[in-house]
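I opened the model and kept notes on what I looked up, entry by entry.

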Amino acid sequence: MSIRNLPMNYGVALFPGFQALDVFGPIDALNNLALSHDIQLSVIAQSLDPVSTETHMNPNANCAQSIVPTHNFTSPPEKLDVLVVPVLDHSVHGGEYRGARGVLDERYATTNKMQWVWTTSQGPNVKWVSHARWIVDGNIWTSAGVSAGTDTMLAFIEHVYGAEDAETVADTMEYERMTDFATKFGLAPT
């Protein structure tokens, strides 16, 4: 890919109850990539009010973080080259959300391994792949959930910017890349 075709305009779509690592891992990779490439990041949500990681899973907990959007869905950035859609909350994974709405129909995809059986049942027209940390099908990349978002972003960086940039970003993050997690949960290859 020539330098003038490199993506510059990234966005992350936030929803209440987002999984922090699913957002901050890929964003940290982009922050480090921005040390050597021109990158603009937009944070997009329903409104410009802070979006919290707080979920319904433990109403007594007070350990949520919030992020302030730069744009809302009705007034998104004029140009986006890449859009990251993280896990929506701790009980609704990104892959299942997109699968349930037909975005992934007839496409290969992967999702969180701990919730594999339930998640894949929510997207019956998706070609689910169990033994994958991430899947690329055309212009859609899906990850296996939470920390896999960081591995997916690093794979994307390698695909677009090259192996040296991906390795530099991972090393700067002191992050050891992982390619599979399915075996731990006893999933058969699909």
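Entry 1, contacts of Leu80. I listed the contacts of Leu80 beyond four places in sequence and found Asn9, Tyr10, Gly11 and Ile44. The model is a predicted one. I placed Leu80 in the loop between strand 5 (71-72) and strand 6 (82-84).

I traced an open sheet of four strands, ordered 5-2-1-6, with parallel pairing. I then looked at strand 1 and strand 6, which pair in the parallel sense over three bridges. Gly11, which I had already listed as a contact of Leu80, has Leu83 in strand 6 as its bridge partner.

I found strand 9 (134-137) and strand 10 (140-143) paired in the antiparallel sense over four bridges. Asp137 stands opposite Ile140 of strand 10. The hairpin has two residues between the strands, and Gly138 has a positive phi there, near 65 degrees.

I ran through helix 5 (163-173) and marked Asp165, Ala166, Val169, Ala170 and Met173 as buried. They lie on the same side of helix 5, because they cover an arc of only 130 degrees around the axis. Glu164, Glu167 and Asp171 are exposed on the other side. What do the buried residues of helix 5 pack against? I found helix 1 (20-33) and helix 4 (148-161). After helix 5 comes Glu174, with a positive phi near 55 degrees.

I computed an angle of about 145 degrees for the packing of helix 4 and helix 5, with the axes 6 Å apart. From helix 4, Thr150, Leu154, Ile157, Glu158 and Tyr161 take part; from helix 5 they meet Ala163, Asp165, Ala166, Val169, Ala170 and Met173. I sorted the residues of this contact into eight nonpolar, one polar and two charged. I then listed the contacts of Ile157 beyond four places in sequence: Ala29, Leu33, Gly162, Asp165, Ala166 and Val169.

I counted 27 residues in the largest nonpolar core, where Leu14, Ile157 and Tyr161 have the most contacts inside it. At least two residues of this core come from each of strand 1 (9-13), helix 1, strand 2 (40-45), strand 6, helix 4 and helix 5. Which element gives the largest share of this core? I found that helix 4 does, with six residues. I also noted another core apart from this one, with seven residues, including Ala109, Trp116, Val126 and Leu187.

Key:
Residues numbered from 1 in each chain as written. Predicted model: local features only at pLDDT ≥ 70, side-chain atom pairs only at ≥ 80, totals over all residues. Heavy atoms only, no water. Contact = heavy atoms within 4.5 Å. Buried < 20%, exposed > 50% of the residue type's maximum accessible area, 1.4 Å probe, protein only. Arc of directions from axis to C-beta. Core = buried A, V, L, I, M, F, W, Y, C linked by side-chain atoms within 4.5 Å. Pairing = 2+ DSSP bridges. Axes fitted to C-alpha atoms, helices over the stretch in contact; angles between N-to-C directions. Nonpolar A, V, L, I, M, F, W, Y, C, P; charged D, E, K, R; others polar.
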